[in-house]
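Dear colleague,

Please find below the structure that I am handing over to you, together with its sequence.

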Amino acid sequence: MINGDVSFWWNQIGRPAPRAPLPGSTNADVCIVGAGFTGLWAAYYLKKAAPELRILILEQRFAGYGASGRNGGWLTNSVTGGREQYLPSHGRDAAAAFQLAMNDTVDEVIRVAAVEGIDADIVKGGEFTVAYDRPQQRRLEAAVRAEQAWPHTDVQLFSAADATAQINVAGSTGAMWHPHCARIQPAKLVAGLTRAVLALGVEIYDDTRVTEITPHAALTARGTVSAEFIVRATEGFTAGLAGLHRAWLPMNSSLIVTEPLGADVWAGIGWQGRATLGDMAHAYMYAQRTADDRIAIGGRGVPYRFGSQTDSDGRTPASTVEALRGILHRFFPGTADAAIEHAWSGVLGVPRDWAATVGLDPRTGLAWAGGYVGTGVATTNLAGRTLTDLILGRESALTVLPWVNHRVRNWEPEPLRWLAVTALYQAYTRADRAELARRTTTSPLATLADKVSGRGH
């Protein structure tokens with residue numbers, strides 16, 4: 001089994017050839033810090049809208065090195081943190097508009113991939129979420145009722161029999177499904193988007209770590225880029241920038257992937273529609289059936305490293321690998337003899353209120369987007385289009401969405417930050433174990449964990 005090496009996705013297609021680092025100080029119209037999905041989408045739409053702009057992207061390793069090349073491959077319509085958080089400040093219509101924008105974003109990514117000739121193994125099979133005990137089933141049914149009370153969600157509830165007919169998760173008591181989600185191979189998408197951005201004339205400099213962002217300047221050891229606009233697109237690596245150590249917490253997430261499974265195994269599992277798969281556990285899992293008939297399955301593992309540390313190559317603790325292997329075999333007993341070929345991890349950005357944000361301060365020229373808490377594969381595209389409108393000074397339906405210019409207070413200093421996150425995920429794990437052990441009783445701790453988490457991240 002390969003452990004680390006960035007991700008299976010990159011290992012499958014090969015890492016990109018190294019690009020040159022920043023050759024020295026220079027000027028640009030727009031400097032983007034971070035060549036993940038956020039930075040690449042912003043550059044793509046900006047350059048399309050204003051070809052005359054000189055746009056530079058500075059990347060500490062290579063495009064797609066972070067979460068964009070390591071995620072579970074869910075191109076889905078989730079509003080990070082849930083729509084309900086915007087009711088007091090913006091009202092129901094604005095929250096519903098945000099949901100519709102996210103639905104459209106899934107289709108926009110698919111559209112651009114087709115236009116640019118990017119083969120990213122995209123299948124729009126929807127998002128399928130199972131329950132497999134009574135407490136989970138109650139949460140599932142409550143989630144369906146809540147979703148169906150909103151427009152544009154298109155959620156359906158499946159009985160145990162119907163759920164099993166779609167994806168045969170052992171012991172499933174029911175499921176919900178919606179159509180606004182696609183399975184992707186994320187490294188293929190980020191590699192294709194990188195090619196498209198370079199073809200438009202955007203400059204990308206690898207091996208150029210930005211240490212500080214100031215008004216109209218991005219500082220690196222290789223020189224300073226001065227620009228009218230500086231876009232912070234650093235997601236889980238934001239804590240490494242000067243003055244931003246407590247802005248977004250780098251949350252760790254881990255995945256494993258099996259060897260390709262045989263036709264006999266798939267005959268027992270089903271999963272013909274290639275929907276993405278999640279569950280109603282508190283420490284929830286996420287999975288996909290890959291284009292070459294593997295199962296990639298992920299979860300939080302060790303969620304946070306003291307001091308907002310981030311990993312270097314995705315190496316994953318053996319205990320996390322075994323925990324994910326246990327979920328795989330519990331869901332699909334027919335995989336008991338399947339080899340695990342690769343395990344990897346990455347970090348995602350978590351704001352203090354678990355709500356993603358995009359914005360621009362016209363006075364300083366500082367723009368930002370991120371805090372996706374795991375929903376970034378689609379949300380980054382909406383962020384890139386919104387940043388384009390903000391930077392070009394265009395009023396649009398995107399610039400009035402409720403996440404625009406949303407601000408949140410910093411995380412607590414250590415050790416409070418580590419204690420809070422560790423305690424929360426320990427509570428999730430204990431609640432899930434208690435539910436699995438009893439199968440018929442809702443744990444009081446589980447109820448508390450639901451209230452704290454908001455379920456929908």
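This is a predicted model: local features need pLDDT of at least 70, side-chain atom pairs count only at pLDDT 80 or more; totals for chains, interfaces and linings use all residues.

One place to look is Ala287, whose bridge partner in S16 is Ile297. The two strands S15 and S16 form a hairpin with five residues between them, and in the turn Asp293 has a positive phi of about 65°.

S15 also pairs with strand S14 (residues 276–279), again in an antiparallel arrangement, through two bridges. Here Gly278 has Tyr286 in S15 as its bridge partner, and S14 and S15 form a hairpin with six residues between them.

Are the two faces of strand S15 (residues 286–289) covered or open? Both are covered, with Tyr286 and Gln288 buried on one side and Ala287 and Arg289 buried on the other.

**Two packed helices**

Two packed helices are described by the angle between their axes and the distance between the axes. For helix H2 (residues 37–49) and helix H7 (residues 186–199), the angle is about 35° and the axes are 10 Å apart, while the crossing of H2 past H7 is left-handed. From H2, the residues Phe37, Leu40, Trp41, Ala43 and Tyr44 take part, and they meet Pro186, Leu189, Val190, Leu193, Thr194, Ala196 and Val197 in H7. In this contact of H2 with H7, 11 residues are nonpolar, one is polar and none is charged.

**A proline in a loop**

Pro23 is found in the loop between helix H1 (8–13) and strand S2 (26–33). Why does Pro23 count as exposed? The relative accessible area of Pro23 is 73%, and exposed means over 50%. Leaving aside residues up to four places away in sequence, Pro23 touches Tyr205 and Arg222. Pro23 and Thr208 are 185 residues apart in sequence, yet in space they are 9.6 Å apart, C-alpha to C-alpha.

**The whole chain**

Altogether, the protein chain has 12 helices and 19 strands. Its radius of gyration is 21 Å, close to the 23 Å that the globule rule gives for 457 residues, so the chain is as compact as a globular protein of that length. The C-alpha trace spans about 60 × 45 × 45 Å along its principal axes, and 58% of the 457 residues count as buried.

Note on methods
Residues are numbered from 1 along each chain as its sequence is written. Side-chain values use heavy atoms; hydrogens and water are left out. Axes are lines fitted to C-alpha atoms, for helices over the stretch in contact, and angles run from 0 to 180 degrees between N-to-C directions. Helices (H or I, at least four residues) and strands (E, at least two) are DSSP runs, numbered from the N terminus. A crossing is left-handed if the near helix is turned anticlockwise from the far one by less than a right angle, and right-handed if clockwise. Contact means heavy atoms within 4.5 Å. Ala, Val, Leu, Ile, Met, Phe, Trp, Tyr, Cys and Pro count as nonpolar, Asp, Glu, Lys and Arg as charged, and the others, Gly among them, as polar. Buried means under 20% relative accessible area, exposed over 50%, partly exposed in between (1.4 Å probe, protein chains only). Two strands pair if DSSP finds at least two bridges between them. The radius of gyration is taken over C-alpha atoms; the globule rule is 2.2 Å times the number of residues to the power 0.38.
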